[in-house]
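This report walks through one protein model, from a single residue out to the whole chain and back to its sheets, cores and helices. Please keep the sequence and the three-dimensional view open while reading.

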Amino acid sequence: MTERVYAGTLRREKVGRKVALAGWVQKRRDFGELIFVDLRDRSGICQVVVDRERGASEETVNTAKELRSEFVVRLEGEVVERTEGQKNPKLATGDVEIVATHVEILARADTPPFAVEDDTDAAEELRLKYRYLDLRRPSLTQNMMLRHKVAFAVRDYMNRNGFLEVETPILTKSTPEGARDYLVPSRVHHGTFYALPQSPQIFKQLCMVAGLERYFQIARCFRDEDLRRDRQPEFTQIDVEASFINEEFIYTLIEGLFTEVFPLAGIPVPVPFPRMSWHEAMERFGIDRPDMRFGMELKDVTAVARTIEFEPFRAAATVRAIVVPGGASLSRKRIDDLTEEAKKLGASGLIWVKFDAQHASSIKKFLTDASFDALRQTLRVNENDLALIIAGKELKVLDALGQLRLRVAREQGMIPENRFEFLWVTDFPLFEWDEETQRYFARHHPFTSPAAADIEKLESDPGATMARAYDVVLNGLELGGGSIRINQPEVQARMFRALGITDQEARQRFGFLMEAFRYGAPPHGGVALGLDRMVMLMARAESLRDVIAFPKTARAQDLMSDAPAAVDEKQLDELGIALKKGT
């Protein structure tokens with residue numbers, strides 16, 4: 001009896017069995033009456049032998065001779081063990097091969113625009129244009145399979161913990177706060193617009209008001225914002241909300257989820273995760289999502305800097321430094337590049353000191369032996385280390401040094417590749433001040449609860465108000481964030497006022513939520529995890545685009561379908577839309 005099998009699953013245990021396979025031709029090697037075919041399907045690759053001396057008919061041999069890369073074929077044959085010298089340790093199926101008795105061409109293929117293999121040198125733009133071919137590459141196929149396993153495991157875990165999967169609307173009301181909404185015009189109601197959801201935030205809170213108690217959703221979300229390696233205009237998040245809980249419930253829930261999900265990619269998850277306050281993270285690493293895989297922490301050298309006759313030090317609110325181990329060997333050009341990078345990050349400049357025999361420094365004429373030794377002692381440097389120092393306003397200094405720390409660590413090879421460090425960052429400020437608009441914004445979102453002790457500061461001292469918010473971080477990437485929510489209408493109204501949102505604006509934008517709170521909202525909280533980011537890290541991928549089936553480019557374009565694209569006048573007329581001239 002012939003058994004239908006997948007190419008990548010063949011092992012020595014299958015030797016002697018009659019099998020049937022279907023897939024794509026990876027390669028064909030023709031030696032006349034002996035033809036080798038590498039057959040690929042989503043499970044992997046196996047070698048097929050078509051040999052007149054081993055039973056293949058003339059018709060089968062002739063069909064095999066027609067095969068080219070990416071032809072779709074079906075074949076039948078017997079699994080045999082390769083001879084010792086012919087085994088291929090690079091393939092999971094390398095101990096066996098199939099001696100074919102039948103080959104059928106199911107579809108012919110043109111020569112693809114790039115080699116469908118993992119080590120292709122094709123430009124990403126070309127691969128995105130032919131994404132359906134790119135997805136045939138084994139590494140991307142494996143990423144899609146891993147993503148499926150993660151989503152399946154999430155649903156199973158949440159179900160076992162009493163959560164209900166609830167779908168929330170995709171066409172919602174625009175409530176801009178932070179990133180821009182994608183707007184969808186209404187054909188029925190001219191001049192009005194839906195928005196695609198940046199998050200199901202309001203609806204999942206309404207699920208709590210509705211008494212569903214434990215909600216989750218693998219939700220599609222949309223943000224019209226500038227893109228980066230870890231951003232896409234449409235993305236997927238694991239959205240969670242629960243009633244009658246506190247922060248500890250969320251920590252335990254998510255740590256339990258990760259202990260089941262990350263081992264799918266061979267990543268151990270020791271629990272509980274360490275916790276660090278936002279203030280400590282900023283002081284030690286200059287960033288609220290610190291990469292804990294290496295040291296090079298920020299040091300406060302303000303006191304020493306005040307003793308140096310260098311005006312930028314004396315005028316600065318703070319002076320901080322990082323120490324690059326062995327960094328005294330860096331060339332002047334590389335240090336100049338770092339200086340330019342620091343300026344782009346908002347620093348006024350970058351001071352450097354080499355702790356070598358020459359005591360080289362960008363401020364050498366200002367450094368006495370005493371101040372040099374004081375710096376050495378404060379920074380606890382070793383011989384041939386390099387100190388990079390920035391002076392100025394505190395947040396700008398922390399931000400610039402925090403980003404330089406990451407750049408230097410990458411360039412110097414200081415980050416272990418196969419190490420995974422999970423972390424909870426807690427105790428965030430509720431608000432952040434925006435210099436450009438001269439107003440406060442919610443650091444997370446306007447539904448985050450202030451710390452109980454700080455409720456009275458909401459309007460009198462918003463900058464000192466702390467939030468019941470938390471982020472989960474892995475290797476310097478925020479995997480997700482959440483908070484305990486406001487459930488009292490009067491506190492929510494005060495929160496809006498602190499953000500400069502008038503009562504009328506609040507009713508216009510969030511009236512249905514505030515109305516719902518009047519009918520009894522339970523204490524509740526939740527978290528949203530970035531599924532794309534999780535899978536990217538699990539797959540050890542370089543970009544989110546490597547774990548999304550049909551991603552956009554950095555300019556938010558789909559090169560394959562040519563989107564976004566113009567539409568005809570008839571569609572615009574039906575929507576009551578007229579384009580401005582020149583657009």
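Leaving aside its neighbours within four places in sequence, which residues is Thr-141 in contact with?

## Thr-141 and the basis of the model

Thr-141 is in contact with Arg-42, Leu-135 and Arg-136 once neighbours within four places in sequence are set aside, where contact means heavy atoms within 4.5 Å. The residue lies in helix H4, which spans residues 138-160; helices (H or I, at least four residues) and strands (E, at least two) are DSSP runs numbered from the N terminus. Thr-141 is buried, with a relative accessible area of 14%, and the classes used here are buried for under 20% relative accessible area, exposed for over 50%, and partly exposed in between, with a 1.4 Å probe and protein chains only.

The model is predicted, so local features need pLDDT of at least 70 and side-chain atom pairs count only at pLDDT 80 or more, whereas totals for chains, interfaces and linings use all residues. Residues are numbered from 1 along each chain as its sequence is written, and side-chain values use heavy atoms, with hydrogens and water left out.

## The chain as a whole

The protein chain has 583 residues, of which 48% count as buried, and its secondary structure comes to 17 helices and 22 strands. Taken along the principal axes, its C-alpha atoms fill a box of roughly 90 × 75 × 55 Å. Among contacts between residues at least 6 apart in sequence, 67% join residues at least 24 apart.

The chain exposes about 29,000 Å², and carbon and sulfur atoms supply 50% of that area; accessible areas come from the Shrake-Rupley method with a 1.4 Å probe, and for residues only the protein chains shown count as cover.

An open sheet of eight strands runs in the order S7-S10-S11-S22-S21-S20-S17-S12, with mixed pairing; two strands are taken to pair if DSSP finds at least two bridges between them. Strand S7 (164-165) and strand S12 (275-277) stand at the edges, each with a single partner strand, so one side of each is left without a neighbour in the sheet.

Strand S17 (residues 422-426) runs parallel to S12, to which three bridges join it; the bridge partner of Arg-275 is Trp-424, and that of Ser-277 is Thr-426. Five bridges join S17 to strand S20 (residues 469-474) in the antiparallel sense, with Leu-474 as the bridge partner of Phe-422. Five of the five residues of S17 are buried, so this strand is largely enclosed by the rest of the structure. Both of its faces are covered, with Phe-422, Trp-424 and Thr-426 buried on one side and Leu-423 and Val-425 buried on the other.

In soluble globular proteins, nonpolar side chains tend to be buried together. A nonpolar core is here a set of buried Ala, Val, Leu, Ile, Met, Phe, Trp, Tyr and Cys residues joined through side-chain atoms within 4.5 Å. Of the 55 residues in the largest such core, Leu-388, Ile-390 and Met-495 touch the most other members. Helix H12 (residues 394-411) gives the most to this core, with eight residues. A second, separate core of 47 residues includes Leu-146, Ile-254, Tyr-470 and Val-527.

Leu-388 is also the bridge partner of Trp-352, within an antiparallel pairing of strand S15 and strand S16 (residues 385-392) over five bridges. Five of the five residues of S15 (residues 351-355) are buried, so S15 is largely enclosed by the rest of the structure. Ile-351, Val-353 and Phe-355 point one way from this strand, and Trp-352 and Lys-354 point the other way.

Helix H14 (residues 489-498) is mostly covered, with seven of its ten residues buried, among them Gln-492, Arg-494 and Met-495. What covers these buried residues includes S18, strand S19 (439-442), helix H13 (457-460) and helix H15 (503-517). Just after H14, Gly-500 takes a positive phi of about 80°.
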